[in-house]
Amino acid sequence: MKLKNEKLAIILAGLAIGVIAVLLVLFGNPTNMGFCIACFLRDTAGGLKLHTAAVVQYVRPEIIGLVLGSFLMACLKKEWAPKGGSAPLTRFILGFFVMVGCLAFLGCPFRMILRLAGGDLNALFGLLGFVGGILAGVFFLNKGYSLKRTYRQPRLEGMAFPIVQVVILVILVFFSSLLAFSESGPGSKHAPVLISLAAGLIVGALAQRTRLCMVGGIRDAVLFRESKLLLGFIAIFVAALAGNLILNAATDTTFFKLGFESQPISHSAQLWNVLGMALAGFGCTLLGGCPLRQLILAGEGNTDSAIAVLGLIAGAAFSHNFGLAGAADSVVDGVYKVGGPGANGKVAVIAGLVIVTVIACVNTFGKKEEV
């Protein structure tokens, strides 16, 4: 009975999150980007002037809401517990390359599902790579991969990341002149601050209670034949698909468009869709959760996850400062031009796959030689 109730709770949470994601687009977020942890961390990095890509600069209140929603729910349920100390620098590096992979694809696992729900078939190639990356991670998990145990941390250490989110929110609301704001491109498209913050708080609370994680869902299905986490993301897809189809019929805006070409903030360089998300899936499996899960854990007081999020932010800033991120498909002089990562981005993805593999090997086979 308990397992059935858990599955029902996860499905209901997934349906609610899917609806919220579509509504955020209705209220102003970019198409197929009601929620994208990678994109929102990238925009936030730009808003904090950590990179200079003018079209992706906006401190996203959804990120703040996710962390604070998780924090408040964890406190309410007496589950908030400051802990950390499990290979923090390794986690930073993994977070960095997870972001490189996500931005090569143009989205995190969450957005991958939302892109599919919007009819973007390019995301199928991302899903293929993502599952492949997770399977690579599962191989190492089966062989004994571990980043060692965590330790209890001082309360202030666990509080630091949520406090930083409150400070950023105060700056956004009362001292916005200190921040950068896009005047065009994805960063210029956003729902009102209060709506975005409320959406983040709700999704953060729901994700904290249900332990929603795309990586965890696929990993658990493979390792333990347990599907409950995966059901949550299937529910997100179903709700977002239904919402997109309803709004497509009810409004003048295109919420659903089936196909490969001319999809919003997407590219059809399929090899790099596969490899980018393979890197993301592999890195996330070694981290123990997708970018969404890392934010939720950081809200619960897990400083290792907070370090991983800082790695994601650093990866976003580095990607846009050094031309690693993928470019969307475009039409130039009437000719359709396929986007994707440039030369720097391709090298970064391949290097990331190599480095993440080395990390996996060292923490699987190398640890057997330790005293």
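Reply: H6 passes H11 in a right-handed crossing. A crossing is called right-handed if the near helix is turned clockwise from the far one by less than a right angle, and left-handed if anticlockwise. Helices here are DSSP runs of H or I with at least four residues, numbered from the N terminus, while strands are runs of E with at least two. The model is predicted, so local features need pLDDT of at least 70 and side-chain atom pairs count only at pLDDT 80 or more, whereas totals for chains, interfaces and linings use all residues. Residues are numbered from 1 along each chain as its sequence is written, and side-chain values use heavy atoms, with hydrogens and water left out.

Me: At roughly what angle do the axes of H6 and helix H11 cross?

Reply: An axis is a line fitted to C-alpha atoms, for helices over the stretch in contact, and angles run from 0 to 180 degrees between N-to-C directions. The axes of H6 and H11 (residues 270-287) cross at roughly 35° and come within 6 Å. The residues of this contact comprise 13 nonpolar, 9 polar and no charged. In that division, Ala, Val, Leu, Ile, Met, Phe, Trp, Tyr, Cys and Pro count as nonpolar, Asp, Glu, Lys and Arg as charged, and the others, Gly among them, as polar.

Me: How many salt bridges does the structure hold?

Reply: Side chains of opposite charge can pair when their charged atoms come close. A salt bridge is a side-chain nitrogen of Lys or Arg within 4 Å of a carboxyl oxygen of Asp or Glu. The structure holds 8 salt bridges. One of them joins the side chains of Glu6 and Lys228, at 2.7 Å from N to O. This pair links distant parts of the chain, with Glu6 in helix H1 (residues 2-26) and Lys228 in helix H10 (residues 228-250), 222 residues apart.

Me: Is Glu6 buried, partly exposed or exposed, and why?

Reply: Buried means under 20% relative accessible area, exposed over 50%, and partly exposed in between, using a 1.4 Å probe and protein chains only. Glu6 is partly exposed because its relative accessible area is 28%. Lys228 also counts as partly exposed, because its relative accessibility is 23%.

Me: Which residue forms a salt bridge with Arg219, and is Arg219 buried or exposed?

Reply: Arg219 forms a salt bridge with Asp220, and their closest N and O atoms are 3.0 Å apart. Arg219 has a relative accessible area of 18% and is therefore buried. Asp220 is buried as well, because its value is 12%.

Me: Where does Asp43 lie, and which residues does Asp43 touch?

Reply: Asp43 lies in helix H2. Contact means heavy atoms within 4.5 Å. Not counting residues up to four places away in sequence, Asp43 touches Val56, Gln57, Tyr58, Val59, Arg60 and Gly187. Asp43 is buried because its relative accessible area is 0%. A polar contact is a pair of N or O atoms within 3.5 Å; within protein, one must be able to donate a hydrogen and the other to accept it, and residues adjacent in sequence count only if both atoms are side-chain atoms. The side chains of Asp43 and Arg60 are joined by a polar contact of 3.0 Å.

Me: What is the place of Asp120, and with which side chains does Asp120 make a polar contact?

Reply: Asp120 is in the loop between helix H5 (109-117) and helix H6 (122-142). Its side chain makes a polar contact with the side chain of Arg115 at 2.8 Å, and another with the side chain of Asn122 at 2.9 Å. Arg115 and Asp120 also form a salt bridge. Asp120 counts as buried because its relative accessibility is 0%, and Arg115 is buried too. Leaving aside neighbours within four places in sequence, the contacts of Asp120 include Asn32, Lys257 and Ser266.
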